[in-house]
Structure formats: C-alpha cells, structure tokens
Amino acid sequence: MLASKSLQYDVMRLTSVPDLDLPGGPLRSLALTVGEDLRPLPVSFDQGRHVGLGQRPGSWMAVAVVLPHAVTTDQLTAAWLAVVARHGTLRTVFTPGDDGSVRLHEVQVLPGRWLEHEVPDGQRPRDVLRVVLDEACAPYARPSHRLVVAGGDSDHPTLVVGLDHAHTDAWSLLVLARDLMTCLDDVLAGREPGAALAPVDAFADHSALLESMPPAPEEVRRRWAEILAAGGGSMPTFPLPLGDVSTPQPDVVEVRDVLDEVELARFDEVVQQRGHRMFSVAVSVLTRVSAEMAGVPLRAVLPVHSRLEDRWHDSVGWFITNAVIESRDPDPTACAGAVREAIRLGSHPLGPIMAPYGGMPAGPGMFAISWLDNRRLPVTVDRALRPRHVSAVIRTDGVMIWFVINDSGLHLRCRSPDTPEAHVSVPAWLNAVCSGLRDQLTLP
C-alpha cells in the first residue's frame with residue numbers, strides 16, 4: 001500500500017499469529033450482539049471479491065497492544081462499544097444474496113458477553129487466539145470483529161482487535177489501536193469515551209462515492225487490457241518457480257529486518273541526495289532482481305490506498321484498491337514513472353474496468369508487492385504499547401510481499417506457498433532483494 005503524506009512518526013511491528021507472544025492464562029473475548037438490519041449499503045469491488053470467496057478461516061487482520069496497567073472487562077466493554085459506535089464499518093454485516101451476490105447491511109450492534117477461552121495443556125494462548133479469530137472474524141460472521149484480552153488479570157494485559165479483512169486495512173489497524181486507547185483512557189478518567197475525537201465518515205460513504213465516479217478514461221482501460229494480456233489473461237505471477245499451486249497450499253510467512261533505524265536514515269539521505277524517493281529506488285532493485293534472476297520485467301500487483309481526501313484519514317475500512325506495476329528499466333527515474341502509472345491505474349474504480357473479465361482475473365501464482373511507510377501516516381500510536389500488526393494463517397497459491405517502514409527501520413514480510421520449489425526460489429529472491437537494498441548504502 002502506498003501512503004501519501006509525510007506527517008508523524010509511528011511504529012508497527014509485523015508478526016503472524018503463530019509467532020505472537022501473549023501472556024499466559026486463559027483468553028477472554030467480547031462477543032457483541034447484532035440486532036436487526038437497518039439499511040442496505042453499497043459493497044465495494046474488493047469487499048465483494050473478498051467476501052464472495054465465502055466463509056473461511058484466516059480471512060482476518062488484527063492489531064495487538066500491551067497495556068501499561070490493569071483493566072477490567074467492564075472498562076474494556078465501554079471503550080470498545082465507543083469505538084464500534086464511532087466507525088460505521090464495525091456496524092455492518094455481509095450476507096449472501098440468493099443470486100450469489102454479496103450484500104451489506106448496517107445493523108444494530110449491542111452489548112454482548114465476555115467468553116472465557118481456556119488454553120489446553122500442550123497449547124499456547126496464541127493457538128487459542130487463532131481459533132477464536134478464525135471463527136469470530138470470518139466474512140459472514142455477525143459481527144465479523146472481536147476484542148480479545150490475554151493476561152486480563154495481570155498488570156500488563158495484551159489487547160487484540162481482530163477484524164475480517166473486508167472491514168480493515170493496515171492503516172485502519174493503527175486508527176483502531178489509537179481510538180481504542182483513547183476511549184479506554186477516557187473510561188479510566190471518568191470521561192465519556194471518545195467524546196474528544198472528531199466524528200468520522202463511514203467506509204460505506206467511500207464505496208458510494210466510488211460508485212458515483214465517471215468511467216475511467218479509455219487509455220486507462222486500454223492499459224489494463226494490455227497488462228492482463230501480457231499475463232495470459234490474468235494478473236501478474238511470481239517470476240520464479242513455485243511448484244504445483246493449482247490448489248492453495250499452507251502458507252510460509254517470513255519477516256526480515258532489512259535496515260535498522262540508523263541504516264534507514266542513511267538510506268533515506270542517500271536516496272534524497274540522488275533526487276529520488278525510497279520506493280522508486282526499491283522498485284529499481286526489484287526490477288534488476290527480476291531481470292537477473294528470471295529474465296523478465298518486474299510485473300506485480302501493487303495495492304494503493306484510496307484515502308485521497310483528508311476526510312478518510314481517521315476512518316476504518318478497506319481503503320485499498322489494486323493496481324499493477326510494470327518496470328523494465330532499473331533506472332530510478334524510469335521506476336518513478338512506473339510507480340506513477342501504477343497509481344493512475346489504481347485511481348479509478350476497478351469494478352467497471354474488470355467487468356468484461358468477470359471480475360479481477362487472479363490465477364495461481366499471483367505476485368503482489370505492498371509498500372507502507374508508517375512514518376507518513378497521519379495516525380500515531382505510542383510505541384510503548386508495542387503495537388503489532390498480526391496476520392492470520394491461510395492457504396495460498398501466490399506470493400505477497402510487504403515492505404513496511406517505521407521508526408525502527410525497514411522490514412519485509414513475505415507470504416508464500418509451502419512447496420519444495422517455493423522453499424528454494426522465494427528465499428533466493430528475498431536474499432537478492434535485501435542485498436540490493438543494503439547495497440544502496442554504499443553506492444557513491
């Protein structure tokens with residue numbers, strides 16, 4: 001995901017649920033109650049694509065924070081209900097239509113009850129957390145989000161907020177962490193939770209806005225057609241062997257710390273001295289690696305955010321759309337042009353563009369790259385809370401790379417299929433990319 005503004009510094013560690021460190025003891029989760037449907041709402045193109053795959057485990061994203069003090073379940077309930085009342089997407093649920101379509105309704109979300117989840121012998125709290133979120137945060141769950149507390153009787157409990165991906169993105173996880181902590185501080189101080197937070201627009205309003213946009217220019221449609229034709233009628237695929245991924249395989253998730261805080265500052269300085277941006281230089285490295293290892297241009301799906309107005313900066317939702325970056329020339333100036341083209345391709349609603357293809361044609365082996373500089377987001381979370389972006393365990397048939405920058409450095413997370421071929425090709429590709437990025441520190 002490409003971020004837009006240079007504002008405040010923040011940190012968000014990357015992890016996955018099998019690696020999440022949680023305090024011992026049982027977990028408790030707040031199961032809210034959904035009342036009657038209030039009104040139908042528009043479904044975004046990406047929501048429809050995601051939810052249309054059906055009810056399944058591992059479709060969620062989560063954020064975890066460690067509290068500096070003890071807290072009661074009543075206090076957590078009051079704070080979380082205030083967050084739910086604040087963000088419209090948390091008060092929506094999906095249902096399957098009789099015609100196979102996906103439908104979305106605003107609903108009443110009411111106080112529920114706290115459930116206690118014991119940790120059986122031989123398991124760890126994170127194993128139980130995975131089961132809880134797989135069930136509670138599935139696409140058609142009502143609601144498809146859950147607040148969980150681990151170590152609730154300790155002085156430093158961990159809070160985890162999980163949501164089905166249809167309701168959130170990485171930026172939104174920071175918003176949720178910030179708003180939850182603000183509301184919890186208000187509850188502890190005897191104030192109305194969230195009263196000082198400015199009202200925010202709901203994600204459904206953003207979906208409605210996209211629906212009202214004029215059709216994409218002909219040259220954008222033509223470029224999309226060229227890109228899909230170059231991929232044999234499908235989105236780009238990983239350029240090295242992955243083995244048999246005709247059906248999704250268990251995923252392998254690897255996180256690498258590429259540059260530390262000091263090295264990142266040096267990297268940023270060197271890039272600016274050359275008159276470039278960090279992402280353009282990263283695309284230059286990726287382009288060179290693709291040519292040297294596979295003999296092909298860099299071609300990858302590139303998620304770009306659609307929070308093009310300030311009004312969406314504090315909203316929660318899936319403000320992400322897909323573009324494709326194609327880069328043949330490793331010169332950073334040429335790569336900057338490739339980035340601009342990708343952003344333009346993602347600046348128009350994809351539904352009408354992809355309609356002739358029956359939706360986004362994503363086949364086995366799809367390759368996607370995401371770039372997120374948390375320092376450029378207008379959202380801050382106290383790093384003392386140890387905020388962590390927690391990914392689920394899924395089955396996958398493609399390769400997804402996240403480059404994430406925060407004030408602790410540049411980090412890379414990769415998800416790939418668990419096949420013998422991918423065990424060879426993906427680490428080799430990652431090694432080349434990490435080396436290429438580090439080489440920038442010593443170039444004249």
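Reader: Which residues is histidine 348 in contact with, leaving aside its neighbours within four places in sequence?
Author: In this predicted model, histidine 348 lies in the loop between α9 (332-345) and α10 (350-354). Its relative accessible area is 17%, and because buried means under 20%, histidine 348 counts as buried. Leaving aside neighbours within four places in sequence, the residues in contact with histidine 348 are Ala216, Pro217, Val220 and Ile353.

Reader: Is valine 324 buried or exposed?
Author: Valine 324 lies in strand β10 (residues 320-327). Not counting residues up to four places away in sequence, valine 324 touches Trp224, Ile227, Met235, Pro236, Ala300, Val301, Leu302, Ala342 and Leu345. The relative accessibility of valine 324 is 1%, and because the limit for a buried residue is under 20%, valine 324 counts as buried.

Reader: What is the order of the strands in the open sheet of eight strands?
Author: The edge strands of this sheet are β1 (13-16) and β4 (92-96), each of which pairs on one side only. Neighbouring strands are turned against each other by 30 degrees on average, with direction ignored. The pairing is mixed, and the order is β1-β12-β3-β7-β6-β2-β5-β4.

Reader: How many bridges join strand β3 to β7?
Author: Strand β3 (residues 60-66) and β7 run antiparallel, and one of the pairs between these strands sets alanine 64 against valine 160 of β7. Strand β3 is also joined to strand β12 (residues 388-391), again antiparallel, by four bridges, where methionine 61 has serine 391 as its bridge partner. Between β3 and β7, the number of bridges is seven.

Reader: In β7, which residue is the bridge partner of valine 148?
Author: Strand β6 (residues 145-150) pairs with β7 in the antiparallel sense over six bridges, and histidine 145 stands opposite leucine 163 in β7. On the side of strand β2 (residues 27-41), which pairs with β6 in the antiparallel sense over four bridges, serine 29 stands opposite valine 148. In β7, the bridge partner of valine 148 is valine 160.

Reader: Which residues of β7 point the other way from Thr158, Val160, Gly162 and Asp164?
Author: In a regular strand the side chains alternate between the two faces of the sheet. Strand β7 (residues 158-164) is mostly covered, with seven of its seven residues buried. Thr158, Val160, Gly162 and Asp164 point one way, and the residues that point the other way are Leu159, Val161 and Leu163.

Reader: How many of the residues of β6 are buried?
Author: From β6, His145, Leu147 and Val149 point one way, whereas Arg146, Val148 and Ala150 point the other way. The residues pointing either way are all buried, and the count for β6 is six of its six residues.

Reader: Which strands does α4 touch where it packs on the sheet?
Author: Helix α4 (residues 170-188) has 19 residues, which at 1.5 Å a residue should span 27 Å, and this agrees with the 28 Å between its end C-alpha atoms. Of these 19 residues, 16 are buried, so that α4 is mostly covered. The direction of α4 makes about 40 degrees with that of β3, and the strands that α4 touches are β3, β6, β7 and β12.

Reader: Just after α4, which residue takes a positive phi?
Author: At the start of α4, a side-chain oxygen of aspartate 169 reaches to within 3.3 Å of the backbone nitrogen of tryptophan 171. Just after α4, a positive phi of about 80 degrees is taken by glycine 190.

Reader: Which residues does glycine 233 touch, not counting residues up to four places away in sequence?
Author: Glycine 233 is found in the loop between α6 (218-230) and β8 (249-260). At 39% relative accessibility, glycine 233 counts as partly exposed. Not counting residues up to four places away in sequence, the residues that glycine 233 touches are Leu228 and Pro361.

Note on methods: Residues are numbered from 1 along each chain as its sequence is written. This is a predicted model: local features need pLDDT of at least 70, side-chain atom pairs count only at pLDDT 80 or more; totals for chains, interfaces and linings use all residues. Side-chain values use heavy atoms; hydrogens and water are left out. Helices (H or I, at least four residues) and strands (E, at least two) are DSSP runs, numbered from the N terminus. Buried means under 20% relative accessible area, exposed over 50%, partly exposed in between (1.4 Å probe, protein chains only). Contact means heavy atoms within 4.5 Å. The expected span of a helix is 1.5 Å times one less than its number of residues. A polar contact is a pair of N or O atoms within 3.5 Å; within protein, one must be able to donate a hydrogen and the other to accept it, and residues adjacent in sequence count only if both atoms are side-chain atoms. Two strands pair if DSSP finds at least two bridges between them. Axes are lines fitted to C-alpha atoms, for helices over the stretch in contact, and angles run from 0 to 180 degrees between N-to-C directions.
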